[in-house]
Amino acid sequence: MFRCDKNTQTRRRSQMSRGSQTDRKRSTNAFSESAGWGAGLPGRQLLHKTFWILLEVNRYTEYYFRTKYCGPEVTATAAESSSVTGSGVMMSSVKVECVVKESALIGEGPVWEESEQTLLFVDIAGQKIHRWNSTTNEIQSVETGHMVGFAVPRRSGGYVAGVGRSIVAVDWSTQTMRSLAEVDQDKPNNRLNDGKVDPNGRLLAGTMGMEERPAEVQRQQGSLFSLTSDLTVTRHLSQVDISNGLDWSVDQRTFFYIDSLSLTVDAFDYDSPTGQLGNRRVVYRLQEGEGLPDGMTVDANGHLWVACYNGGRVINIDPATGVQLQTVSLPVMKTTSCCFGGPDYTDLYVTSASLGLNQSEQRQQPLAGATFKVTGLGVKGRPSNSFSG
Ligand code: BGC
Ligand code: CA
């Protein structure tokens with residue numbers, strides 16, 4: 001069944017870094033409770049549970065008919081989301097809207113460009129960089145000729161992208177690319193995946209081995225690299241499975257990083273002037289049903305928003321405590337990455353993939369591969385950084 005429950009679910013998790021884990025789950029969702037839902041319950045509790053189940057069924061039906069008959073241009077679903085505050089649970093109205101209905105094979109790496117109010121993102125397997133104009137609703141695209149893992153703005157104009165194993169400069173106006181650096185020369189089957197620029201203008205980007213099927217890769221072939229303005233490449237990590245989401249804390253002293261197959265979100269101490277990483281630890285481990293951690297962004301409060309591939313959701317985590325603060329459900333399972341944008345950075349843009357869905361999944365998820373805008377989260381993001389080289 002479609003996961004219409006997650007928006008009402010608040011989950012608290014303890015920090016996992018040293019293996020100690022006490023899960024305290026609090027949920028308003030009848031389905032998430034233990035098996036045999038009616039067994040041995042007194043009448044009032046049973047009535048209460050029946051009520052919640054009917055409510056969930058009603059929400060699902062509403063969602064299904066909206067997306068099926070209204071088409072992808074309309075709001076896909078409007079749902080409530082709970083967020084934990086010091087004083088208890090505060091309800092806010094979260095809306096999920098499909099903004100780019102064109103289906104990407106693997107939509108990824110959204111970046112908000114403030115000057116033009118555009119959203120830059122890639123279709124990795126579709127081998128394209130897209131730029132969606134939120135004002136005119138137009139999309140411009142550049143073909144990359146090979147798989148493209150990320151594209152980020154460049155201070156001197158145009159973009160820098162990870163194409164195959166090359167980091168290239170992209171001239172948008174002429175639609176041409178020029179190689180700046182190559183990584184993993186000894187691993188011809190590898191390719192660049194997610195990449196992001198730190199507040200100093202340094203690019204960090206990772207690689208992964210050959211992927212037989214979505215999320216099935218040759219293990220430990222990837223690395224994490226940085227590229228500085230003088231085009232020096234430094235390898236920071238090796239034996240990575242799928243190098244994925246990355247971002248920095250507000251004070252720039254922590255680097256958050258995802259190697260998807262580890263099922264964790266990790267943190268490193270980050271020395272901003274040199275880019276050195278140290279003291280790796282786990283800040284969050286994904287639970288059964290949450291899928292694989294993929295792309296992520298850090299909001300202005302320093303909290304993480306992690307897109308969960310095969311999880312159909314974005315989870316919001318406080319990295320200081322390991323507590324999951326909010327979950328946003330999307331009408332597609334392969335949610336891949338997210339970034340904040342919009343005039344005041346309060347909209348969360350979420351990309352998705354369609355590659356790897358079977359026919360029946362494609363029918364159930366007509367919006368797979370689309371890009372979504374989530375509003376009403378009550379938080380702000382931060383502007384993206386541009387590569388200084
Ligand atoms: C990669 C995909 C992979 C997915 C799930 C994405 O970042 O580009 O190839 O299947 O993550 O881990
Ligand atoms: Ca990714």
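Which side chain has an N or O atom 3.1 Å from an oxygen atom of ligand 1? The residue is aspartate 294, and the pair is a polar contact (N or O atoms within 3.5 Å).

## Basis of the model

This is a predicted model, in which local features need pLDDT of at least 70 and side-chain atom pairs count only at pLDDT 80 or more, while totals for chains, interfaces and linings use all residues. Residues are numbered from 1 along each chain as its sequence is written, and side-chain values use heavy atoms, with hydrogens and water left out.

## Ligand 1 and its surroundings

Arginine 191 places a polar side-chain atom 2.8 Å from an oxygen atom of ligand 1, and a polar side-chain atom of asparagine 244 likewise lies 2.8 Å from a ligand 1 oxygen. Taken alone, ligand 1 exposes 310 Å², of which the protein buries 100% (Shrake-Rupley method, 1.4 Å probe).

The shell around ligand 1 holds 14 residues (a heavy atom within 4 Å), and by class these are seven nonpolar, three polar and four charged. Strands β13 (191–197) and β23 (292–298) each give two or more residues to this shell (strands being DSSP runs of E, at least two residues).

## Salt bridges

The count comes to 10 salt bridges (a side-chain nitrogen of Lys or Arg within 4 Å of a carboxyl oxygen of Asp or Glu). One of them joins glutamate 182 to arginine 165, with the closest N and O atoms 2.9 Å apart; glutamate 182 belongs to strand β12 (residues 176–182), whereas arginine 165 lies in the loop between β10 (159–163) and β11 (166–171), 17 residues apart.

Notes: Chains are lettered from A and ligands numbered from 1 in the order in which they are written. A polar contact is a pair of N or O atoms within 3.5 Å; within protein, one must be able to donate a hydrogen and the other to accept it, and residues adjacent in sequence count only if both atoms are side-chain atoms. Helices (H or I, at least four residues) and strands (E, at least two) are DSSP runs, numbered from the N terminus. Ala, Val, Leu, Ile, Met, Phe, Trp, Tyr, Cys and Pro count as nonpolar, Asp, Glu, Lys and Arg as charged, and the others, Gly among them, as polar.
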